[in-house]
Amino acid sequence: MNVLIFAGGEIRDYSFYKEYVDRANYIICADRGMEHGRILNITPDIIIGDFDSASEESILFFKNKNVPFLTFPSKKDKTDTEISLEYAIEKRPSHIWIAGGLGSRFDHTLGNVHLLYSALQRNVAATLINEYNQIHLINKEIFISGNENDIVSLIPFTMEVRGVCTEGLYYALSNATLTAGSSYGISNVMTSPKARISIQSGLLLVIQSKDN
């Protein structure tokens, strides 16, 4: 089971997300994320939030489609995206994609990156996606697919990540240690359509990027 969450951040090229819509078994819109759902002409399985940022037109549009709304108070300790992620995790999916989680609000962007840790703690794979980036957080290993010359950056999420090994990247690492405060792992490059990154301890952000 794959879950797709639409948060309220920036989306430029909606055609990019149609593949994920087609692959998703369950779609959640987090508050203003319903605006993206409306543009994509999809009917989400549920809409979650305090609804302080979505338009009245979109709220009425989806209520007329009988989409369930799960409403929370505006004064709360979690963002709508975090609540939506927790709801998705309870379904024990094989993968969660978060779209619209990156944008001009850096506080929200960084907070959403940290939400990947919540999923990892529950042994659920989660990825932040937009047209230019796929952001993963690992504690063991990951196999990624892409194109040759795709950029892959490895950034420590903990102060230290030990035993870093890579296959399919131009700058190969073998039992390396990456430490916070260093740019050592930035801008590696895929040399084949598939790559493997593994670690022995710590938490590592694996970011696949394309220049816009």
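**Exercise 1.** Among contacts in the protein chain between residues at least 6 apart in sequence, what percentage join residues at least 24 apart?

*Solution.* A contact means heavy atoms within 4.5 Å. Among such contacts between residues at least 6 apart in sequence, 61% join residues at least 24 apart. The structure is a predicted model, in which local features need pLDDT of at least 70 and side-chain atom pairs count only at pLDDT 80 or more, while totals for chains, interfaces and linings use all residues. Residues are numbered from 1 along each chain as its sequence is written, and side-chain values use heavy atoms, with hydrogens and water left out.

**Exercise 2.** State which radius of gyration the protein chain has, and judge it against the globule rule.

*Solution.* The radius is taken over C-alpha atoms, and the rule is 2.2 Å times the number of residues to the power 0.38. For 212 residues, the rule gives a value near 17 Å for a compact globule. The protein chain has 18 Å, which agrees. Its C-alpha trace spans about 55 × 35 × 30 Å along the principal axes.

**Exercise 3.** Describe the setting of Ser187.

*Solution.* First, locate the residue: Ser187 is in the loop between strand S11 (176-179) and strand S12 (188-189). Helices (H or I, at least four residues) and strands (E, at least two) are DSSP runs, numbered from the N terminus. Next, consider exposure: buried means under 20% relative accessible area, exposed over 50%, and partly exposed in between (1.4 Å probe, protein chains only). Ser187 has 41%, so it is partly exposed. Finally, list its neighbours: leaving aside residues up to four places away in sequence, Ser187 touches Ile151, Val152, Ser153 and Tyr171.

**Exercise 4.** Explain why strand S9 (residues 151-156) is described as largely enclosed, and name the strands with which S9 pairs.

*Solution.* Five of the six residues of S9 are buried, so the strand is largely enclosed by the rest of the structure. For pairing, DSSP must find at least two bridges between two strands. S9 and S12 run antiparallel and are joined by two bridges; Ile151 has Val189 as its bridge partner in S12. S9 also pairs with strand S14 (residues 204-209) in the antiparallel sense, over six bridges. There, Val152 stands opposite Gln208.

**Exercise 5.** Which feature does UniProt place at residues 146-205, and what is the helix and strand content of that span?

*Solution.* An unreviewed UniProt entry places the feature "domain: Thiamin pyrophosphokinase thiamin-binding" there. UniProt positions are given in the numbering used here, feature names are shortened, and annotations may be inferred rather than shown by experiment. The span is 0% helix and 45% strand, and its end C-alpha atoms lie 17 Å apart.
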